[in-house]
Amino acid sequence: MSWNPEDEERHRTEMLVLVGFTTGVAGAFIWAPIYAYYGEMLAAAIPFSYGMLTFATLLVFHWFPNDRVYRFQQFAMLYALPGALMLSLGGFRAGSAVVIWAMITPIGSLVWGSRKSAMNWFIAFVILLASS
């Protein structure tokens with residue numbers, strides 16, 4: 001991340017995003033062993049993979065700071081993780097409606113992206129929800 005003293009607001013936003021996703025990575029590494037403890041190895045692999053991929057995208061973002069690409073990568077993973085987890089646990093009911101977490105994607109896109117992007121993610125969320 002590059003920082004320019006005149007661009008302090010952008011720097012605060014970037015730091016907030018970085019801290020938020022870092023917290024998500026920590027959560028994923030706590031979440032995965034819980035599923036593994038209960039014998040759900042495929043379900044455990046999904047948040048673990050999310051944590052590893054998020055860490056990798058943070059490194060790539062550090063070396064090649066492109067906000068749009070980074071946001072897309074994060075939103076795509078935030079969309080895919082709950083859907084894959086729901087399927088691995090046996091569907092909407094058996095997965096305790098974990099797919100609802102995918103709603104973070106259109107909300108995040110509305111905050112850090114555009115209305116058009118948020119609408120596209122929302123449509124994708126509705127499709128994911130209907131397919132469960």
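This is a predicted model: local features need pLDDT of at least 70, side-chain atom pairs count only at pLDDT 80 or more; totals for chains, interfaces and linings use all residues.
Reader: How is a pair of aromatic rings described?

Author: By two values, the distance of the ring centres and the angle of the planes. In this structure, a search of the whole model gives eight aromatic pairs. Take Tyr79 and Trp121: their ring centres are 5.8 Å apart and their planes stand at 50°. Planes under 30 degrees apart would be stacked and planes over 60 edge-to-face, so this pair is tilted.

Reader: Which parts does the pair tie together?

Author: Tyr79 belongs to helix H3, residues 67-89, and Trp121 to helix H5, residues 115-131. The pair therefore links parts that are 42 residues apart in sequence. The two residues are also members of one aromatic cluster, together with Phe72 and Phe75.

Reader: Is Trp121 buried or exposed?

Author: The cut-off for buried is under 20% relative accessible area. Trp121 has 11% relative accessibility, so Trp121 counts as buried.

Reader: Which residues touch the most other members of the largest nonpolar core?

Author: A core of this kind is a set of buried nonpolar residues joined through side-chain atoms. The largest one here has 21 residues, and Tyr35, Tyr50, Tyr79 and Leu85 touch the most other members. Helix H1 (8-37), helix H2 (41-63), H3 and H5 each contribute at least two residues to this core. H3 gives the largest share, eight residues.

Reader: What does Tyr35 touch?

Author: Setting aside residues up to four places away in sequence, Tyr35 touches Glu40, Ala43, Ala44, Pro47, Leu85 and Leu89. Leu85 is, like Tyr35, one of the core residues named above.

Reader: At what angle do H3 and helix H4 pack?

Author: H4 covers residues 104-112, and H3 packs with H4 at an angle of about 160°, the axes being 8 Å apart. H3 is therefore roughly antiparallel to H4. The crossing of H3 with H4 is right-handed.

Reader: Which residues in H3 and H4 meet?

Author: From H3 come Arg71, Phe75, Leu78 and Tyr79; from H4 come Ile104, Thr105, Gly108, Ser109 and Trp112.

Reader: What is Thr105 in contact with?

Author: Leaving out neighbours within four places in sequence, Thr105 contacts Phe75, Leu78, Tyr79 and Trp121. Thr105 has 0% relative accessibility, so Thr105 counts as buried.

Note on methods: Residues are numbered from 1 along each chain as its sequence is written. Side-chain values use heavy atoms; hydrogens and water are left out. Rings of Phe, Tyr and Trp (its six-membered ring) pair if their centres lie within 6.5 Å; planes under 30 degrees apart count as stacked, over 60 as edge-to-face and the rest as tilted. Helices (H or I, at least four residues) and strands (E, at least two) are DSSP runs, numbered from the N terminus. Buried means under 20% relative accessible area, exposed over 50%, partly exposed in between (1.4 Å probe, protein chains only). A nonpolar core is a set of buried Ala, Val, Leu, Ile, Met, Phe, Trp, Tyr and Cys residues joined through side-chain atoms within 4.5 Å. Contact means heavy atoms within 4.5 Å. Axes are lines fitted to C-alpha atoms, for helices over the stretch in contact, and angles run from 0 to 180 degrees between N-to-C directions. Angles under 35 degrees count as roughly parallel, over 145 as roughly antiparallel, 65 to 115 as roughly perpendicular and the rest as oblique. A crossing is left-handed if the near helix is turned anticlockwise from the far one by less than a right angle, and right-handed if clockwise.
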